[in-house]
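A guide answers them step by step.

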Amino acid sequence: MNLASVPVGEPEEFNVFIEISSGSVNQYEYDEALQALKLDYVFRDGFHFPFNYGFVPHTKAADNDPLDAVVLSSSPIQPSAIVAVKPLGILRLKDRGEQDNKLITVPSTDPLSGKWKAIDDLSEKERDEIVAFFKEVGVQKNKTMDIEGFEGK
C-alpha cells in the first residue's frame with residue numbers, strides 16, 4: 001500500500017496506519033521499499049498484542065522512524081487499515097537507550113472515544129497493561145526497555 005496520498009490530519013485527529021491487530025502474536029512492520037507489511041517477529045508463550053498498533057504516516061520520531069501509535073479500540077482493526085484517531089497521551093520509553101515514545105490513541109469512530117478524552121481517563125489497570133506489554137516485549141526480544149511513564153497529550 002502506497003501511503004503517499006494518506007493525509008496526516010490535525011493534532012486533535014490524525015491518521016494511523018495499522019500494522020498489527022489486537023490479539024496478534026505476529027509483529028509486522030511496514031516496509032517502505034516493498035510498500036507492504038513484512039513479518040518482523042513472532043511472540044511466544046501466548047504473548048500477544050493487547051491493542052492495535054501502527055504509525056502516523058509522514059512523521060519522524062527521535063528514532064528516525066514514523067511516530068508509533070497504540071490504538072485502543074472495542075475490537076481488533078485489520079492490518080493495513082487507515083484509522084482516524086484522537087490522541088489521549090503518550091507513553092515515554094527508551095528502547096535500547098533510544099527514545100521511542102508511543103502515542104496512546106482511540107479511533108474517532110469507536111464508542112470508546114466518548115469514554116476516553118485524555119490519558120487520565122484510562123484506568124490504572126489499563127495503563128498498567130500497556131506498560132506491562134512493552135516490558136514483556138523487552139524480555140521476549142532480549143533488549144532493554146526503559147519505561148519513563150505517561151504524559152498527557
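The talk below covers a predicted model.

Visitor: How many helices and strands does the protein have, and in what pattern?
Guide: The protein has 2 helices and 10 strands. Read along the sequence, their order is β-β-β-β-β-β-β-β-β-α-α-β.

Visitor: What is the radius of gyration, and what would a compact globule have?
Guide: The protein has 153 residues, and a compact globule of that length would have a radius near 15 Å. The C-alpha trace spans about 40 × 35 × 30 Å along its principal axes. The radius agrees with the globule value: the protein has 14 Å.

Visitor: Is the pair of Phe17 and Tyr30 stacked or edge-to-face?
Guide: A search of the whole structure finds 15 aromatic pairs. In one of them, the rings of Phe17 and Tyr30 are 5.2 Å apart, centre to centre, with 65 degrees between the planes. Planes over 60 degrees apart count as edge-to-face. So Phe17 and Tyr30 are edge-to-face.

Visitor: Which strands does that pair of Phe17 and Tyr30 link?
Guide: Phe17 counts as buried because its relative accessibility is 1%. Tyr30 has 15%, so Tyr30 is buried too. They sit 13 residues apart, Phe17 in strand S2 and Tyr30 in strand S3.

Visitor: How many residues apart in sequence are the parts tied together by Phe43 and Phe133?
Guide: These rings have centres 6.4 Å apart and planes at 75 degrees, so Phe43 and Phe133 are edge-to-face. Both residues are buried. Phe43 lies in the loop between S4 and strand S5, and Phe133 lies in helix H2, so the pair ties together parts whose separation is 90 residues.

Visitor: Which residues form a cluster through ring pairs?
Guide: Phe43 and Phe133 belong to it. The complete cluster is Tyr41, Phe43, Phe47, Phe49, Phe51, Tyr53, Phe133 and Phe134.

Visitor: What does the charged end of Lys141 sit over, and which side chain meets Lys141 in a salt bridge?
Guide: The charged end of Lys141 sits over the ring of Tyr41, 5.2 Å from its centre. At 18% relative accessibility, Lys141 counts as buried. Its salt bridge spans 3.8 Å, N to O, and the partner is Asp40.

Visitor: Are Arg92 and Glu151 buried or partly exposed?
Guide: Their side chains meet in a salt bridge of 2.6 Å, N to O. Arg92 has a relative accessible area of 27%, and Glu151 has 37%. Arg92 and Glu151 are partly exposed.

Visitor: Which residues make the nonpolar surface patch of about 230 Å²?
Guide: Leu39 is in strand S4. At 48% relative accessibility, Leu39 counts as partly exposed. The patch is made by Val25, Leu39 and Val42.

Key: Residues numbered from 1 in each chain as written. Predicted model: local features only at pLDDT ≥ 70, side-chain atom pairs only at ≥ 80, totals over all residues. Heavy atoms only, no water. Patch = residues over 30% accessible without salt bridge, like charges linked within 9 Å, V, L, I, M, F, W, Y side chains within 5 Å. Areas by Shrake-Rupley, 256 points an atom, 1.4 Å probe, with all protein chains shown as cover. Salt bridge = Lys/Arg side-chain N within 4 Å of Asp/Glu carboxyl O. Helix = DSSP H or I, 4+ residues; strand = E, 2+ residues; numbered from the N terminus. Buried < 20%, exposed > 50% of the residue type's maximum accessible area, 1.4 Å probe, protein only. Phe/Tyr/Trp six-rings, centres within 6.5 Å; stacked < 30°, edge-to-face > 60°. Lys NZ or Arg CZ within 6 Å of the ring centre and 35° of its normal. Rg over C-alpha atoms; globule rule 2.2 N^0.38 Å.
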